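Please have the sequence and the structure open while I talk.

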Amino acid sequence: MATAKIPVGVLGATGAVGQRFIQLLEGHPWFEVAEVAASDRSAGKTYKDAATWRLTGAPPAAVAGLTVLSTAGPFRSKLLFSGLDSSVAGEVEADLAGKGHAVVSNSRNHRMDADVPLLIPEVNADHVEAICVQKRRTGGGYIVTTPNCSVVGLAMALAPLERAFGVETVQVATLQSLSGAGYPGVPSMDVADNVVPYIGGGEEEKIEAEPRKILGRFASDAFTDADIAISASVHRVAVSDGHTMAIFARLRRPATPEEAARALASFRGEPQERRLPFAPVQPIHVLTEVDRPQPRLDRDREKGMAVSVGRIRSDGRGGLRLEALVHNTIRGAAGVAILNGELLQARGLLP
């Protein structure tokens, strides 16, 4: 690794995910935020004047004085992290990929494209091979996407079970935190003393489709989805950060809770082998307490980059019941995107 840091840009830098990118990239050993971009109403202002900072502390001094650019660019940074809203992300990201940039996107627009990796580095690092196919279309740049914030936790919990035993069907009920709705998010009168059993934007459909692509294969220049039937029901709850999932999985080969726990706890991937800066030492923490995981107690494990799994038990019919927790704005959004960027650099795939 060269001693000079790699300049990166953050698209949608004033929004909730963009701010998390800015926060997490401060002091990164490889990357340095050199450019920030947002909507036209923010362009031309300094970042500290354009962004209403919603995270703890203050914007990093090195970023606070940067002038906010238009999302159209031009950018000198070849690696761009995108926290753009889906209403604008699709066209902007495709245009920048066409101009030779590597765009690591948190938006949903290109996740299911036929030549775009939907990437969790511990689970499907081999899917970066699709970049070669994509570059034939774009002429040099490319897009890599991160999954839906709940899907990151769900797919990481399922991957060790799929590899060890095979997964046939999954039912999942999510309890999703307020930060997942962005800012200002859910009106207080809707969520206080309440659970809302609906989240817009095709949330259930994303949870049912995206893990199948992630757990599937990329071969002969095409993705093949995993043969897993997934059914989801989603809920918004009055928790600040952390998405909890109750998962019911029917396995192709029966496994005891103890066997499942060993498979989950021993799960590792390429980020751990390469010791990437944002890689958790242990991607999945298996908790044995009867009342865990809990968002307030477990969402920040390994700086928010670990998924916590607990209450692993048999359903009496050869399947498993378990609870999983993911920090939705770190492991489920900006953090996994940064880890994706690190994987691209480690594999020599950055422009």
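Six strands make up an open sheet, ordered S3-S2-S1-S4-S5-S6 with parallel pairing. Strands here are DSSP E runs of at least two residues, helices are H or I runs of at least four, and both are numbered from the N terminus. Two strands pair if DSSP finds at least two bridges between them. This is a predicted model, in which local features need pLDDT of at least 70, side-chain atom pairs count only at pLDDT 80 or more, and totals for chains, interfaces and linings use all residues. Residues are numbered from 1 along each chain as its sequence is written, and side-chain values use heavy atoms, without hydrogens and water.

Within the sheet, strand S4 (residues 79-82) and strand S5 (residues 102-105) pair in the parallel sense over four bridges. Phe81 stands opposite Val104 in S5.

Now the helices. Helix H1 (residues 16-25) lies across strand S1 (6-11), strand S2 (31-38) and S4, and runs at about 155° to S1. H13 also packs on the sheet, where S1, S2, S4, S5 and S6 are touched. Contact means heavy atoms within 4.5 Å. Angles run from 0 to 180 degrees between N-to-C directions, with axes fitted to C-alpha atoms, for helices over the stretch in contact.

What is the crossing angle of helix H7 and helix H13? The axes of H7 (residues 149-164) and H13 (residues 330-346) cross at roughly 95° and come within 8 Å. H7 and H13 are therefore roughly perpendicular to each other, a term for angles of 65 to 115 degrees. Cys149, Val152 and Met156 of H7 meet Arg331, Gly332 and Val336 of H13.

Key
Parallel < 35°, antiparallel > 145°, perpendicular 65-115°, else oblique.
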